[in-house]
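User: I would like to learn how to read a model like this one, feature by feature. Where should we start?

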Amino acid sequence: MIPFAAALTGGSLTLHLLPATPDWPWMVLAVLGLLLALPHRALRIPAGFLVGLALAGGQAQTWLERAVPPEMTGTEVTVSGVVTDLPDHSARRTRVLLRVTGIIDAPPEFLAERLRVTAFPPEPRLQAGDRVRARLRLRPPRGSHNPAGFDFAAWLYRERIHGMASLRGELEWAERGGERWLPTASLHRLRANIRDAMRAALPGARHPGVMEALVIGERGAMQAEEWRLFLHSGTNHLMAISGLHVGLVAGFALLLARLTWRRQRGVRRRLSLRWFGALAATGAAGVYAALAGFSIPTQRALVMLTLFSLGLLARRDPLSWRVYAAAVVAVVALWPASVLAPGFWFSFGAVAVILLLLQDRVAQPGLPGWLRIQLILAVALLPLSLTWFQLGSWVAPVANLVAVPVVSFLVLPFLLAGAALAVIWSPLGAPLLWWADAWLALLLRVLALLVEWPAAVSEMAVAWPAAVLAGIGVLLTLLPRGRRLAPWMLVACLPLLLPAAPRLAPGDFRAEMLDVGQGLAVVVQTRRHVLIYDAGPAWEDGFDSGAAVVLPALRRLGVRAVDRVIVSHEHSDHRGGVEAVLAGLPTAEVLSRRGDVHGGERACEAGLSWEWDGVFFETLHPPPNWDDGNSSSCVLAVRGSHGRLLLTGDLEGLGESVLVRSAPNRLRTDVLLVPHHGAAGVLERGLLDAAGPAIAWVSSGFDNRFRHPAPEVRARLNDACVPPFDTRERGMLWLETMAEGIRIGPGSRVEHPRFWHPPVAPEPRLPVACPPFEGDPVPSLSGRTPGVE
């Protein structure tokens, strides 16, 4: 069973690594795989792989057929639907998941069933289960794309969301009962009622978001600091309702079932204690999993608990690898895309480690055995944590020693009982909720002390091959008699310590323009120094590109400290992420246009220059005493031995004219950052001719309301035969200089294609009259000494 489950998972994972889904008869392949697996044990591995590939391919094909195509961007449709999740309300918008139940006005190619809808301004009346009629402006299911960081498009695919939309006009509420009943809508309305009852019972709760996460699996109300403490202490698994929580609820239900069975003669006559207890435990776990929204960890826990109960009823060993493998098969078969979720690997990885320890008798009964499990779990899951989250907690064993019993016995039972009583009458649940909130406040204080220990947390990126090798090494040592392999485990873990990025030669540099949407963030790296030019936007709804994009990129590059941050100007789409970067990594110096306002920052203006590792940096604009608007953007020239880069911020209008006149001989470059995301009016005052670039970079957001880059800017680039590389189409862009010239990255969407991302041409199209783009590497315009014209 284990080989079949592993092959099934491998088949699903393989499909999700493909750039496009083949047009194959997936159901036929699935049936063929099952037929191969039944009679021949030797064929179960290829059969499992084929079944996993077929199930994943079938669901991927179904999703792609219903996904909003890129050609429908901006199309307006009128639909009726049901809100099927808890609405996310903020001060400036409301966001809901809408299940489309009727199409009133839409093109025939519109087939989406589930849409993520955002309403500006917020609609606080909108609740789970509401039936509405709405006019929507469509967007395809896509997001920014960077090699490190969160893949929003993959999350949309995994959650079976076919597109995004924004509300146009007013919502119309429909009467209930007019359409077919949706169980999910009723379930989420129940979850909303429980949440509202908890808030009404204890309006002054110190940690309401944590309480809601533990009861209904909704983490949207958690504060950023609360999540940071759980994440950095290695106890964040407690905030995802999983095996621990489901097992506790089942255990409490089993205890109540035993008491009921002993006191109710009628129950004893009809059911044995074993059957009655199994039914009560499984039923209670199912209800709790439903309240959590049937997330992947709860699916896995519920399936394993059900199989565990069946094993007990059949008088078989429930703690067997057969039960484990059956749970893997069930979860992957139900939704193959679960292999893309970190919860899948953490959940099944943790259970596998525990099974190995129990079967090898490493975990002894009592407190010593439990402590040993916590220690080994923390070490075993460290490669996964470093790969998925770029973070590993060395205080996790101690933190879990405190947090697990507190949450298990002093918080969760009282929360569940308090929530149930609050639904009946608010004052009934208030004392129990207050008790749980008090213990949560104490626990978070303890976790805050732990994460402040020196070297408590490691923040670094680990490549997947290194993580796999380290994971294999850990598993080998957990096998019976595997301690003889301990030296080999150390060898397997060595890749974790290798530098994340190649070392650069003196005089060479690497630059990455990150995909931050409608904003700008560039990382420039020399042999021993790092500079950040802008850090992207930070929005009121919680997205901060500094934390979500820039810091993960720096960790991927192996950066432990930043030498200099340059803020081109004060607009939020350039400065927004700076604070998160400064808080996340030690930074030696910040240059900005408003050093007088931001304490400790130096003014960024023309005339500054420095040299790092043979690479020359110079600020060319603005002159002293200019303001902090677009025209005053701080312009930075980077000149290495084998290539040049010119970073221009949002320079436009008068600023472009002044720059061209004041520094005409220092603007020559190989790669030019098109100013102001390619807004209308840029590059019309001589900058393009003065710079003479071979490549143009554009940082813009998909479907941005400014329509950047403007058609006339693209026309100017085409007339000059300069190919534009745009982050909205290609994702993160990079260049790296070397003796042969400049290596130009075609974009992370081209280098890491997946079928849920739109296809991208390897190179931008140029007019027929232009010479073909020479590709990689591009010869540098100058091999002269940096800084000398």
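User: What is the mean pLDDT of the protein?

Analyst: This is a predicted model, so confidence comes first. The mean pLDDT is 87. Of the residues, 90% reach 70 or more.

User: Where does pLDDT stay under 50?

Analyst: The general idea is a caution. Where pLDDT is low, predicted coordinates should not be read in detail. Here, pLDDT stays under 50 over residues 782-789. The model has 17 contacts beyond four places in sequence for that stretch.

User: On to charges. How many salt bridges does the structure hold?

Analyst: Side chains of opposite charge can pair when their charged atoms come close. This structure holds 32 salt bridges. One of them joins Glu 113 to Arg 66, with the closest N and O atoms 3.4 Å apart. The two residues belong to distant parts of the chain, 47 residues apart. Glu 113 sits in the loop between strand E3 (94-105) and strand E4 (114-119), while Arg 66 is in helix H3 (residues 44-66).

User: Which residue forms a salt bridge with Arg 135?

Analyst: Glu 76 does, with the closest N and O atoms 3.5 Å apart. Arg 135 lies in strand E5 (residues 131-139) and Glu 76 in strand E1 (residues 76-83), so the pair ties together parts 59 residues apart in sequence. Arg 135 is partly exposed at 26%. Glu 76 is partly exposed at 33%. Glu 76, Asp 105, Arg 135 and Arg 168 are linked in a network of salt bridges.

User: Now Arg 575 and Glu 601. How do their side chains meet?

Analyst: They meet in a salt bridge, at 2.5 Å from N to O. Arg 575 is in helix H21 (residues 572-575) and Glu 601 is in the loop between strand E13 (590-592) and strand E14 (602-603), so this pair ties together parts 26 residues apart in sequence. Check the accessibility of each partner. Arg 575 counts as buried at 8%. Glu 601 is buried at 13%.

User: Let us take single residues. What does the side chain of Ser 347 reach?

Analyst: Begin with its place, then its partners. Ser 347 is in helix H13 (residues 342-359). With 8% relative accessibility, Ser 347 counts as buried. Its side chain reaches the backbone oxygen of Gly 343 at 2.7 Å. Leaving aside neighbours within four places in sequence, Ser 347 is in contact with Pro 297 and Arg 300.

User: And which residues does His 232 touch?

Analyst: His 232 lies in helix H7 (residues 224-232). It is buried, with a relative accessible area of 14%. Not counting residues up to four places away in sequence, His 232 touches Leu 391, Ser 393, Val 395, Val 451, Val 457 and Glu 459.

User: Why is helix H15 described as largely enclosed?

Analyst: Count its buried residues. In H15 (residues 382-389), 6 of the 8 residues are buried, so the rest of the structure largely encloses this helix. The buried ones are Leu 382, Pro 383, Leu 384, Ser 385, Leu 386 and Thr 387.

User: Last, omega. Where is the peptide bond to Pro 121 placed, and which loop holds Pro 622?

Analyst: The bond from Phe 120 to Pro 121 is cis, with omega near -5°. Pro 121 is in the loop between E4 and E5. The bond from His 621 to Pro 622 is cis as well, with omega near 5°. Pro 622 is in the loop between strand E16 (615-621) and strand E17 (635-640).

How values were computed
Residues are numbered from 1 along each chain as its sequence is written. This is a predicted model: local features need pLDDT of at least 70, side-chain atom pairs count only at pLDDT 80 or more; totals for chains, interfaces and linings use all residues. Side-chain values use heavy atoms; hydrogens and water are left out. Helices (H or I, at least four residues) and strands (E, at least two) are DSSP runs, numbered from the N terminus. Buried means under 20% relative accessible area, exposed over 50%, partly exposed in between (1.4 Å probe, protein chains only). A polar contact is a pair of N or O atoms within 3.5 Å; within protein, one must be able to donate a hydrogen and the other to accept it, and residues adjacent in sequence count only if both atoms are side-chain atoms. Contact means heavy atoms within 4.5 Å. pLDDT is the predictor's confidence in each residue, from 0 to 100. A salt bridge is a side-chain nitrogen of Lys or Arg within 4 Å of a carboxyl oxygen of Asp or Glu.
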